[in-house]
There are 6 protein chains.
Amino acid sequence: MATVKLIGDGEATAEVRAVYEDIRATRKTDYVNNFWRALANHLPTLRRTWESVKEVTAPGALDALTKEMIYLAVSATNGCNYCIASHTAAARKAGMTDAMLGELMAVVGMANETNSLANGYQVEVDERFRTTS
Amino acid sequence: MATVKLIGDGEATAEVRAVYEDIRATRKTDYVNNFWRALANHLPTLRRTWESVKEVTAPGALDALTKEMIYLAVSATNGCNYCIASHTAAARKAGMTDAMLGELMAVVGMANETNSLANGYQVEVDERFRTTS
Amino acid sequence: MATVKLIGDGEATAEVRAVYEDIRATRKTDYVNNFWRALANHLPTLRRTWESVKEVTAPGALDALTKEMIYLAVSATNGCNYCIASHTAAARKAGMTDAMLGELMAVVGMANETNSLANGYQVEVDERFRTTS
Amino acid sequence: MATVKLIGDGEATAEVRAVYEDIRATRKTDYVNNFWRALANHLPTLRRTWESVKEVTAPGALDALTKEMIYLAVSATNGCNYCIASHTAAARKAGMTDAMLGELMAVVGMANETNSLANGYQVEVDERFRTTS
Amino acid sequence: MATVKLIGDGEATAEVRAVYEDIRATRKTDYVNNFWRALANHLPTLRRTWESVKEVTAPGALDALTKEMIYLAVSATNGCNYCIASHTAAARKAGMTDAMLGELMAVVGMANETNSLANGYQVEVDERFRTTS
Amino acid sequence: MATVKLIGDGEATAEVRAVYEDIRATRKTDYVNNFWRALANHLPTLRRTWESVKEVTAPGALDALTKEMIYLAVSATNGCNYCIASHTAAARKAGMTDAMLGELMAVVGMANETNSLANGYQVEVDERFRTTS
């Protein structure tokens with residue numbers, strides 16, 4: 001159970017409703033998920049977070065599917081249950097197949113393994129990896 | 001400074017040399033980076049980790065560039081300096097542009113923000129996100 | 001379900017009971033929460049942890065509310081469900097309003113975002129931030 | 001060494017310069033630290049992150065010092081070197097004394113200890129901690 | 001609920017069945033736990049992960065019990081519920097007593113506390129700790 | 001460079017000196033490492049942390065070497081450079097051989113991999129793992 005109330009449409013202020021409507025319009029769905037209904041307890045955080053998520057997940061140099069898979073990779077690494085569930089759903093909706101999910105998780109798993117090995121042995125960065133772009 | 005010796009080619013056993021040669025052949029480079037030279041202190045870990053990394057980063061349902069970007073996303077989230085440096089280099093080599101890196105980090109940053117918000121409010125997973133494939 | 005038994009008052013040893021009583025007296029409540037009942041399986045850990053928590057959460061240069069909010073910030077970052085739930089309750093009891101929780105989480109979220117960006121780009125520490133007090 | 005170039009004032013575009021000027025004006029200092037100069041490689045991330053940081057660290061229901069201490073608590077937990085250095089400096093500038101830093105770190109340390117204990121024993125959340133506001 | 005289907009024996013392919021049988025033979029049990037049934041959605045990950053886990057948890061320079069306790073220490077630190085539950089069970093089966101679990105968690109807790117303190121104060125590594133073996 | 005001063009013997013108060021002497025006596029060495037000299041800026045944290053570390057690392061149901069390896073496993077997982085360096089040194093002093101370090105890191109690496117896989121697929125805990133001792 002969330003530590004704050006999930007704000008339903010009926011009890012939302014006009015400002016909160018406006019964000020909900022933008023979520024619905026942008027995502028072409030009637031459904032506003034619990035994350036936003038929890039954030040709605042603090043209007044500035046709801047607004048700022050939605051504007052930011054909308055901006056960073058829009059297609060650009062990376063397509064929407066790649067972005068959702070990166071989001072899922074971070075969420076699996078952090079062990080955030082809510083985020084894993086919602087971004088697995090979003091990635092599937094954006095076209096992620098079972099084979100793609102399988103390979104995504106394989107990379108996530110190996111990255112977490114080799115991260116702990118590189119840290120655990122305190123391996124110094126190779127000179128050739130130090131050059132900036 | 002690493003907590004173990006970095007094993008040079010000259011002091012490597014035949015088994016370690018064989019892994020180094022496979023790294024060189026697979027990556028089409030003469031350079032074996034420090035991470036493998038640290039792992040070489042424990043042959044089973046060197047072998048197993050290299051075989052696994054080779055397998056999971058090979059192109060499949062996901063291309064090599066997407067896989068390197070996922071690797072980098074995990075490494076940035078974990079704050080593993082060595083891994084960030086080496087996989088930024090690998091992703092650039094695989095074709096990542098400055099614009100793609102910018103968008104990748106933007107997603108990574110927002111994912112870490114919303115992960116802590118979803119956790120911090122203990123948001124319960126929506127019914128519709130619970131359905132398996 | 002916990003991986004160890006939660007020790008009820010009836011089955012507690014005299015030493016465990018003494019810690020429970022100190023928890024009750026210090027917190028002016030009859031309720032001993034599950035965390036302590038789990039730790040009670042290992043008396044030295046129960047004692048040491050309670051003494052430490054009592055010491056660090058007592059008002060000093062920082063007031064009790066600020067300390068509980070810091071505790072909550074760490075717990076949200078780690079994604080520790082139990083700790084988030086119990087320290088949100090404790091912070092509210094110490095006077096945290098909904099507005100304060102909203103701003104607290106906003107800072108926690110941004111801190112996690114910028115942490116991953118600073119790590120992800122391997123930004124070098126500015127000379128002026130290196131000076132000790 | 002950062003994985004991207006740190007953008008100096010001389011090579012910055014007009015848009016980047018505008019953000020740098022707002023940082024200078026808001027913080028009443030001539031100094032723009034490396035973090036922003038790294039983000040400047042991706043204008044949307046520079047803009048969005050600065051606007052967000054400016055908003056969440058401004059005094060509100062919580063004062064600026066409390067917010068900087070929360071920022072530092074998260075950074076110490078994540079082990080983000082850059083963030084620890086810069087937010088320790090910012091918190092000191094906002095009035096954090098040595099005694100306050102000592103107590104802050106004491107809470108951060110205990111929170112990380114008890115987080116791992118609560119997780120490690122998989123303690124179930126007490127009924128009374130489940131009630132929303 | 002898992003984000004992928006748990007593959008039962010009846011619906012498993014011959015290749016998946018072969019891994020299940022090796023798990024049963026190696027562990028001298030009929031029971032194949034959910035983790036493997038989830039991984040079975042991606043055969044290469046199932047195979048590679050099982051081969052690796054079998055290799056690293058086999059007795060060698062460290063006995064099986066020590067290895068399970070190390071596994072549990074990492075899982076408690078990461079807050080991975082599934083892993084904590086399964087490796088607590090495995091460690092108990094390998095001979096971990098209540099007293100040993102108590103001491104294990106006490107070390108895990110203190111390690112997480114001192115890790116955040118060493119990070120939080122950015123303590124520089126002592127010269128004498130920099131020497132490799 | 002640490003964010004606080006490292007307190008030398010000459011500038012330490014009598015209370016800090018007493019802790020330094022206990023560290024020297026307990027560890028049978030003249031050397032007091034930087035971690036304690038940083039903590040010495042806040043006497044209650046220095047005292048409490050030293051007493052706790054002394055207690056949890058003393059041999060009991062688990063021997064000193066096993067405890068140092070668990071400490072190292074947690075530190076590698078958290079990526080705490082200082083802690084990895086100091087506890088690798090401590091574990092070696094307690095008898096850890098190169099082969100043992102190799103197997104320890106192999107377990108740590110696999111644990112971090114499978115932790116992220118179990119989280120990433122949101123695998124539900126098996127009924128048989130839910131039973132407390």
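Is F:Gln122 buried or exposed? Keep that in mind, and open the model.

**Before you start**

This is a predicted model, in which local features need pLDDT of at least 70, side-chain atom pairs count only at pLDDT 80 or more, and totals for chains, interfaces and linings use all residues; side-chain values use heavy atoms, with hydrogens and water left out. Residues are numbered from 1 along each chain as its sequence is written, while chains are lettered from A and ligands numbered from 1 in the order in which they are written.

**Stop 1: F:Gln122**

Select F:Gln122. Find it in the segment after H6 of chain F. Helices here are DSSP runs (H or I, at least four residues), numbered from the N terminus. F:Gln122 has a relative accessibility of 17%, so it counts as buried. Buried means under 20% relative accessible area, exposed means over 50%, and partly exposed lies in between (1.4 Å probe, protein chains only). Now look at the backbone. Phi of F:Gln122 is near 55°, a positive value in a residue other than glycine. Most residues other than glycine have a negative phi.

**Stop 2: F:Lys28**

Select F:Lys28. This residue sits in the loop between helix H1 (14–27) and helix H2 (34–39) of chain F. Its phi is positive too, at about 50°, and F:Lys28 is not a glycine. With a relative accessible area of 74%, F:Lys28 is exposed.

**Stop 3: F:Leu43**

Move along to F:Leu43, in helix H3 (residues 43–57) of chain F. Its relative accessibility is 23%, which means that F:Leu43 counts as partly exposed. What does F:Leu43 touch, not counting residues up to four places away in sequence? Show F:Glu15 and F:Val16. Contact means heavy atoms within 4.5 Å.

**Stop 4: F:Arg128**

Select F:Arg128, in the segment after helix H6 (98–120) of chain F. Its contacts lie in chain E: leaving aside neighbours within four places in sequence, F:Arg128 is in contact with E:Thr29 and E:Tyr31. Then pick F:Gly10. F:Arg128 and F:Gly10 are 118 residues apart along the chain, and 58 Å separates their C-alpha atoms.

**Stop 5: two helices in chain F**

Show helix H4 (residues 64–78) and helix H5 (residues 81–93) of chain F. Their axes are 9 Å apart, and the angle is about 160°. Axes are lines fitted to C-alpha atoms, for helices over the stretch in contact, and angles run from 0 to 180 degrees between N-to-C directions. H4(F) and H5(F) are therefore roughly antiparallel to each other. Angles under 35 degrees count as roughly parallel, over 145 as roughly antiparallel, 65 to 115 as roughly perpendicular and the rest as oblique. The contact includes F:Tyr71 and F:Leu72 of H4(F), and F:Ile84 and F:His87 of H5(F). By class, eight residues of this contact are nonpolar, three polar and one charged. Ala, Val, Leu, Ile, Met, Phe, Trp, Tyr, Cys and Pro count as nonpolar, Asp, Glu, Lys and Arg as charged, and the others, Gly among them, as polar.

**Stop 6: across to chain E**

Show helix H4 (residues 64–78) and helix H6 (residues 98–120) of chain E. They pack at an angle of about 45°, with axes 10 Å apart. That makes H4(E) oblique to H6(E). Among the residues that meet are E:Met69 and E:Leu72 in H4(E), and E:Leu104 and E:Met105 in H6(E). This contact has 10 nonpolar residues, two polar and no charged.

**Stop 7: chain C**

Show helix H1 (residues 14–27) and helix H3 (residues 43–57) of chain C. Their axes come within 10 Å and cross at roughly 15°. H1(C) and H3(C) are therefore roughly parallel to each other. Look for C:Val19 and C:Ile23 of H1(C), and C:Leu46 and C:Trp50 of H3(C), among the contact residues. The classes here are seven nonpolar, one polar and six charged.

**Stop 8: the copies**

Zoom out. Two copies of a chain are related by a rotation about an axis and a shift along it. Copies are superposed by least squares on the C-alpha atoms of residues with pLDDT of at least 70 in both. Take chains F and E. The same surface serves both copies, as 100% of the contact residues of chain F recur in chain E.

Now take chains A and E. Which rotation superposes chain A on chain E? One of 120°, with 0.0 Å of shift along its axis and an RMSD of 0.0 Å. That is the relation of a three-fold axis. End at A:Gly79. Of the residues of chain A, A:Gly79 comes closest to the rotation axis, at 4.3 Å (C-alpha).
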